[in-house]
Protein chains: 2
Amino acid sequence: MGRWQPDARGRLMQAAFALYGERGFEQTTVAEIAERAGLTERTFFRHFADKREVLFAGAQELQELLVSTVADAPASLAPIDVAAAGLGAIGAFIGEGGDLARQRQAIIASSVELQERELIKLASLAAALADALRRRGVEDPAASLTAEAGIAVFKVAFERYVAEGNQLELPRLIRESLGELPRLLEPSLPASR
Amino acid sequence: MGRWQPDARGRLMQAAFALYGERGFEQTTVAEIAERAGLTERTFFRHFADKREVLFAGAQELQELLVSTVADAPASLAPIDVAAAGLGAIGAFIGEGGDLARQRQAIIASSVELQERELIKLASLAAALADALRRRGVEDPAASLTAEAGIAVFKVAFERYVAEGNQLELPRLIRESLGELPRLLEPSLPASR
């Protein structure tokens with residue numbers, strides 16, 4: 001680690017989340033985050049490009065977990081089961097962070113800029129999932145449809161997870177929503193083609 | 001109309017699309033768009049907030065069409081049929097623009113900023129669709145799930161529509177993808193709960 005503080009990254013994240021919660025995202029400066037963490041601004045910028053990136057620091061890790069879970073799933077699994085395994089893995093990962101996901105969600109909901117960034121990360125997850133399915137030999141449009149629908153389910157399950165009063169774990173909410181969707185999509189009318 | 005040019009808006013859009021295609025979005029200025037349309041910059045800014053908004057001018061209209069189609073659908077229809085009617089209506093509307101959707105897509109694909117904006121508009125469509133379903137008495141999470149999955153289908157169908165060599169109409173691609181999705185989502189394994 002040399003002159004680097006041990007766990008500087010973790011301390012900076014903790015300080016940033018606390019300050020965003022107390023003062024608001026817009027009103028918090030990098031200098032204040034560094035001060036709260038007992039570190040310098042220079043150290044902050046070694047770990048994060050800007051104060052926004054603190055909130056999205058886990059996105060790359062999440063995407064890699066999704067992709068590797070899909071790649072490692074048994075060859076016998078149907079695409080949707082593979083997608084479900086990947087989404088379950090990222091759901092469990094997010095769940096391990098305890099209340100962090102809820103804190104983060106409240107901060108993101110406070111800023112249009114952050115909401116936009118979150119949408120981009122979700123679109124990037126969907127594209128990565130579709131790519132990972134294609135590498136397993138799933139053809140388009142099945143790969144894109146499965147991936148986009150999977151991320152749609154993840155989005156709804158995540159909203160339920162961070163909602164006031166929810167007691168259910170994220171992987172369970174993902175499974176429930178995934179299980180409910182086929183029934184919701186069955187048309188009551190014969191398709192007119 | 002007073003001193004306003006008749007169809008100034010249409011001429012500005014046409015000029016902007018042509019210039020974005022020829023020179024690129026980043027390289028085109030409002031002054032150039034106005035000049036090409038034979039109008040003043042001031043007239044441009046009466047119709048559009050900035051050069052980006054020319055590309056998203058139809059978004060509000062599209063959303064209103066989706067919401068009104070959902071609101072006006074027969075009470076007997078299942079939520080997915082209602083969503084399908086709404087998506088079919090906006091698909092037909094986009095299809096009426098002829099090659100405009102493909103031109104627009106190529107411009108949007110050239111800029112990260114525009115891609116981000118497009119994602120935001122899609123998220124806004126999904127939220128409007130979920131709201132419209134809730135107003136019909138559909139409860140959550142069914143309303144959100146149906147809406148997010150519907151927009152996921154729309155996204156994939158639209159990508160197929162603008163793809164090189166596609167000959168199929170957008171409403172048909174939406175129906176095909178909507179019809180295919182339930183089968184893709186049926187798990188091959190019993191859910192482990």
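Predicted model: local features only at pLDDT ≥ 70, side-chain atom pairs only at ≥ 80, totals over all residues.
**Entry: chain A as a whole**

I counted the secondary structure elements of chain A and found nine helices and zero strands. Written out along the sequence, the pattern is α-α-α-α-α-α-α-α-α. I then took the extent of the C-alpha trace of chain A, which spans about 60 × 35 × 30 Å along its principal axes. I also checked how far apart in sequence the contacting residues of chain A lie. Among contacts between residues at least 6 apart, 61% join residues at least 24 apart.

**Entry: domains of chain A**

I looked up the division of chain A and found domain 1 at residues 8-54 and domain 2 at residues 58-177. Their centres, taken over C-alpha atoms, are separated by 26 Å. Each side of the contact was listed: seven residues come from domain 1 of chain A and seven residues from domain 2 of chain A. On the domain 1 side I noted three nonpolar, two polar and two charged residues.

**Entry: where chain A meets chain B**

Which elements of chain A give two or more residues to the side that touches chain B? I first took the totals, which are 37 residues from chain A and 36 residues from chain B. The elements on the chain A side are α5 (79-96), α7 (112-135), α8 (142-162) and α9 (170-185). Of these, α8(A) gives the most, with twelve residues. I sorted the chain A side by class and got 22 nonpolar, five polar and ten charged residues.

**Entry: α9 against α9**

Two packed helices are described by the angle between their axes and the distance between the axes. I looked up both values for α9(A) and α9 (residues 170-185) of chain B: the angle is about 145 degrees, and the axes are 9 Å apart. The crossing of α9(A) past α9(B) is left-handed. On α9(A) the contact is made by A:Leu181, A:Pro182 and A:Leu185, and on α9(B) by B:Leu181, B:Pro182 and B:Leu185.

**Entry: nonpolar cores**

In soluble globular proteins, nonpolar side chains tend to be buried together. I searched for such groups here, and the largest nonpolar core has 72 residues. Which of its residues touch the most other members? I found A:Leu129, A:Leu133 and A:Val153, together with B:Leu129, B:Leu133 and B:Val153. I followed up one of them, B:Leu129, leaving out residues up to four places away in sequence. B:Leu129 touches B:Leu66, B:Val70, B:Ala83, B:Gly86, B:Ala147, B:Gly150 and B:Ile151. A second, separate core has 16 residues, including B:Ala16, B:Tyr20, B:Ala34 and B:Val54.

**Entry: peptide bonds**

Most residues other than glycine have a negative phi, and most peptide bonds are trans. In chain A the bond from A:Asp140 to A:Pro141 is cis, with omega near 5 degrees. Where does A:Pro141 lie? I placed A:Pro141 in the loop between α7 and α8 of chain A. In chain B a cis bond joins B:Asp140 and B:Pro141, with omega about 5 degrees. B:Pro141 is in the loop between α7 (112-135) and α8 (142-162) of chain B.

Notes. Residues numbered from 1 in each chain as written. Chains lettered and ligands numbered in written order. Contact = placed C-beta atoms within 7 Å. Helix = DSSP H or I, 4+ residues; strand = E, 2+ residues; numbered from the N terminus. Nonpolar A, V, L, I, M, F, W, Y, C, P; charged D, E, K, R; others polar. Axes fitted to C-alpha atoms, helices over the stretch in contact; angles between N-to-C directions. Left-handed = near helix turned anticlockwise from the far one by under 90°. Domains from an automatic or database assignment. Core = buried A, V, L, I, M, F, W, Y, C linked by C-beta atoms within 7 Å. Buried ≥ 20, exposed ≤ 12 C-beta atoms within 10 Å, placed from the backbone.
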